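Good morning, colleagues. Please have the sequence and the model in view as I speak.

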Amino acid sequence: QVRLVESGGGLVQPGGSLRLSCAASGSIFSIYVMGWYRQAPGKQRELVADITNRGSTNYADSVKGRFTISRDNAKNTVYLQMNSLKPEDTAVYYCSQGGGYYWGRGTQVTVSS
């Protein structure tokens, strides 16, 4: 049974940083694409960034240059470093494995002064 557990969310002021982590279990982590998605109130869930098993990355235009996705296959963990956070980044952030096949429960990120 695949399990994805996100952590690292919280309240941060505009311009601040957070690092999200997603620990995976129950699968051969290293072979799967891993992604971070987010969903703000009243909006559809959207892709923030993803990373292939070989480390190729893809970012939404809204986060390019501010967010960095990375993975540690030895730890079965994917990360999202978020810098220069803006109020519009406020959302529940979800980890996904396999391009949306498996999902975590999400972690809340709130950017507010």
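I begin with I28, which has 57% relative accessibility and therefore counts as exposed. By the convention used here, buried means under 20% relative accessible area, exposed over 50%, and partly exposed in between, with a 1.4 Å probe and protein chains only. This is a predicted model, in which local features need pLDDT of at least 70 and side-chain atom pairs count only at pLDDT 80 or more, while totals for chains, interfaces and linings use all residues. Residues are numbered from 1 along each chain as its sequence is written, and side-chain values use heavy atoms, with hydrogens and water left out.

I28 sits in the loop between strand 3 (18–25) and strand 4 (34–39); strands are DSSP runs of E, at least two residues, numbered from the N terminus. Together with I31 and Y32, I28 makes a nonpolar surface patch of about 290 Å². Such a patch takes residues with over 30% relative accessible area and no salt bridge, joining nonpolar side chains (Val, Leu, Ile, Met, Phe, Trp, Tyr) within 5 Å and like charges within 9 Å. A salt bridge here is a side-chain nitrogen of Lys or Arg within 4 Å of a carboxyl oxygen of Asp or Glu. The areas come from the Shrake-Rupley method with a 1.4 Å probe, and for residues only the protein chains shown count as cover.

Which residues have the most contacts inside the largest nonpolar core? They are W36, V78, L80, M82 and Y93, in a core of 27 residues. A core is a set of buried Ala, Val, Leu, Ile, Met, Phe, Trp, Tyr and Cys residues joined through side-chain atoms within 4.5 Å. Strand 3 gives the most to this core, with four residues.

Leaving aside neighbours within four places in sequence, M82 is in contact (heavy atoms within 4.5 Å) with several residues, including L18, L20, R66, Y93 and V109. R66 lies in the loop between strand 6 (57–59) and strand 7, and is buried because its relative accessible area is 10%. Beyond its sequence neighbours within four places, the contacts of R66 include M82, S84 and D89.

Finally, the whole structure holds one disulfide, defined as a pair of cysteine sulfur atoms within 2.5 Å. C22 is joined to C95, S to S 2.1 Å. C22 lies in strand 3 and C95 in strand 9, so the pair ties together parts 73 residues apart in sequence. The S-S torsion is about -75°, so the disulfide is left-handed.
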